[in-house]
Amino acid sequence: MRQNKPAVIVLGGGYAGQMALARIRQSGLADLTLIDAHARSEQRVRHHQHLTGQRSAGHAFADIKGIRFVQARVERIDPHYRLVYLRDRAEPLPYDYLVYALGSQPDNRHIAGASVHGLTLHGEATLAGLPARLKELAARKAPVSVVGGGLSGIETAAELAEAFPALRVSLISAQPLDRDLKPDAAAYLYQSLHRLGVEVVEGERVREVSAGSLELASGSERASALSICMAGMQASPLARHSGLSTLADGRMALAPDLGLPGDERIFVAGDAGALQHGDGRLLRMSCAVGMPLGAQAGDNLVARLRGEPTKDFAFGYVFRCLSLGRHDGLIQFVDSSDQPGTRVWTGRRAARTKELICRYTYVLPWLELRGIRALTWPRSRPARLPQPETSAA
């Protein structure tokens with residue numbers, strides 16, 4: 001008599017969730033369900049391009065063979081009874097094993113008015129109609145502000161300035177833009193932003209976003225017809241709402257094999273989990289780390305189903321890459337622990353490389369979901385469980 005396969009639920013269809021789903025699906029050992037609020041995959045690394053009317057590839061989750069897809073928002077999970085509760089559905093879904101890959105979202109909690117008057121690039125649905133609005137603002141030579149000087153903020157400011165030269169684009173950052181760059185790379189970054197007409201404001205924190213203006217912590221006020229808030233990222237709050245212990249940014253501290261300590265039924269992948277690198281810093285939220293985390297979580301869950309030992313996650317960084325519009329870019333090579341080295345690529349060479357990487361973020365999960373193990377990654381450093389830094393469940 002044929003035995004039923006264990007029920008495995010993957011929460012989240014982002015980069016990490018798709019990779020975990022693919023690896024588990026390839027084993028044929030589980031009855032697989034994917035839950036995501038969206039019907040299609042999205043290329044989050046291209047959201048800033050959508051502001052200028054560009055589009056990116058995606059595929060319908062319902063078309064993935066060999067799985068069940070449920071389009072819904074997750075309200076909470078109950079690890080004790082192994083249940084997933086969904087919004088607008090009376091009955092929870094039971095699981096035997098769970099992959100938690102709900103990713104991250106913009107964190108603008110410290111900026112008053114950001115949720116009302118600011119814009120966040122969080123899902124393609126939030127970007128509908130913005131190219132037309134930006135075109136209208138450009139016709140008026142209106143001021144537009146990008147709040148946050150991380151990689152995404154820099155890319156967004158450059159993209160807007162290139163596509164809409166008449167816009168008065170400002171990039172406002174509490175930290176220096178070059179904090180993770182060597183001097184040559186930093187000089188090129190500032191020169192490129194200057195060439196595009198981006199006003200860079202460093203060392204200033206935005207206190208409040210209002211309709212048509214920004215108030216800075218220094219007390220000054222700046223006109224801003226549109227304020228794009230990208231000052232930080234936090235993991236999905238679902239883990240905390242479900243009573244799981246998290247760090248201050250909402251991530252869950254993971255065992256080295258990406259399991260949730262104390263619960264052998266849950267693996268965590270992508271931006272939802274926190275692991276320390278060799279130098280003590282947490283692995284940063286990014287697709288560069290997220291896809292390997294997803295693949296390893298999936299492989300380890302399969303190993304558990306087979307009764308085999310799981311493997312600890314190991315990873316080494318290679319570079320940080322920036323698009324500076326469609327025809328310029330910057331790649332800062334780093335060592336395995338993400339510290340900048342002396343090697344830098346700039347200009348069209350860097351832009352072409354960044355474009356290729358963006359294509360890989362779509363193609364690799366697509367191939368894996370068709371049974372081709374296409375993803376490999378540098379594994380030079382083992383990751384470890386972070387020291388408890390608090391935030392409680």
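Student: Buried or exposed, what is Asp257?
Tutor: Asp257 is buried, since its relative accessible area is 11%. Buried stands for under 20% relative accessible area, exposed for over 50%, and partly exposed for anything in between (1.4 Å probe, protein chains only).

Student: What kind of model is this?
Tutor: It is a predicted model, in which local features need pLDDT of at least 70 and side-chain atom pairs count only at pLDDT 80 or more, while totals for chains, interfaces and linings use all residues. Residues are numbered from 1 along each chain as its sequence is written, and side-chain values use heavy atoms, with hydrogens and water left out.

Student: Back to Asp257. Which side chain does it meet in a salt bridge?
Tutor: That of Arg304, at 3.6 Å from N to O. Arg304 sits in helix H8 (residues 287-306) and Asp257 in the loop between S17 and strand S18 (259-260), so the pair links distant parts of the chain, 47 residues apart. Arg304 is partly exposed, with a relative accessible area of 24%.

Student: What counts as a salt bridge, and as a helix or strand?
Tutor: A salt bridge is a side-chain nitrogen of Lys or Arg within 4 Å of a carboxyl oxygen of Asp or Glu. Helices (H or I, at least four residues) and strands (E, at least two) are DSSP runs, numbered from the N terminus.

Student: How many salt bridges are there in the whole structure?
Tutor: The search finds 19. One of them joins the side chains of Arg23 and Glu368 at 2.8 Å, N to O. Arg23 belongs to helix H1 (residues 15-27) and Glu368 to helix H9 (residues 347-368), so this pair ties together parts that are 345 residues apart in sequence. Arg23 and Glu368 are both buried.

Student: And where does Glu215 come in? What is its salt-bridge partner?
Tutor: The side chain of Glu215 meets that of Arg207, at 2.9 Å from N to O. Glu215 counts as partly exposed at 25% relative accessibility, and Arg207 counts as partly exposed at 36%.

Student: New topic. What is the strand order in the open sheet of six strands?
Tutor: The order is S3-S2-S1-S7-S19-S18, with mixed pairing. Strand S3 (68-71) and S18 stand at the edges with a single partner strand each, so one side of each has no neighbour in the sheet. Two strands pair if DSSP finds at least two bridges between them.

Student: How many bridges join S2 to S3?
Tutor: Four bridges join strand S2 (residues 31-36) to S3, and the two run parallel. Leu34 stands opposite Phe69 in S3.

Student: Which strands does H8 lie across?
Tutor: Strand S1 (7-11), strand S7 (97-100) and strand S19 (263-268); H8 runs at about 160 degrees to S19. Axes are lines fitted to C-alpha atoms, for helices over the stretch in contact, and angles run from 0 to 180 degrees between N-to-C directions. Contact means heavy atoms within 4.5 Å.

Student: Why is S22 called largely enclosed?
Tutor: Because six of the six residues of strand S22 (residues 329-334) are buried. Gly329, Ile331 and Phe333 are buried on one side, and Leu330, Gln332 and Val334 on the other. In a regular strand, side chains alternate between the two faces of the sheet.

Student: What does S22 pair with?
Tutor: Strand S21 (residues 319-323) pairs with S22 in the antiparallel sense over five bridges, and Ser323 stands opposite Gly329. These two form a hairpin with five residues between them, where Gly325 in the turn has a positive phi of about 90 degrees. S22 also pairs with strand S23 (residues 340-346), antiparallel over four bridges. In the hairpin of S22 and S23, again with five residues between the strands, Asp338 takes a positive phi near 80 degrees.

Student: Last topic, the rings. How many aromatic pairs does the search find?
Tutor: Six. The rings of Phe319 and Phe333 are edge-to-face, because their centres are 5.6 Å apart and their planes stand at 90 degrees. Phe319 lies in strand S21 and Phe333 in strand S22, so the pair ties together parts that are 14 residues apart in sequence. Rings of Phe, Tyr and Trp (its six-membered ring) pair if their centres lie within 6.5 Å; planes under 30 degrees apart count as stacked, over 60 as edge-to-face and the rest as tilted.
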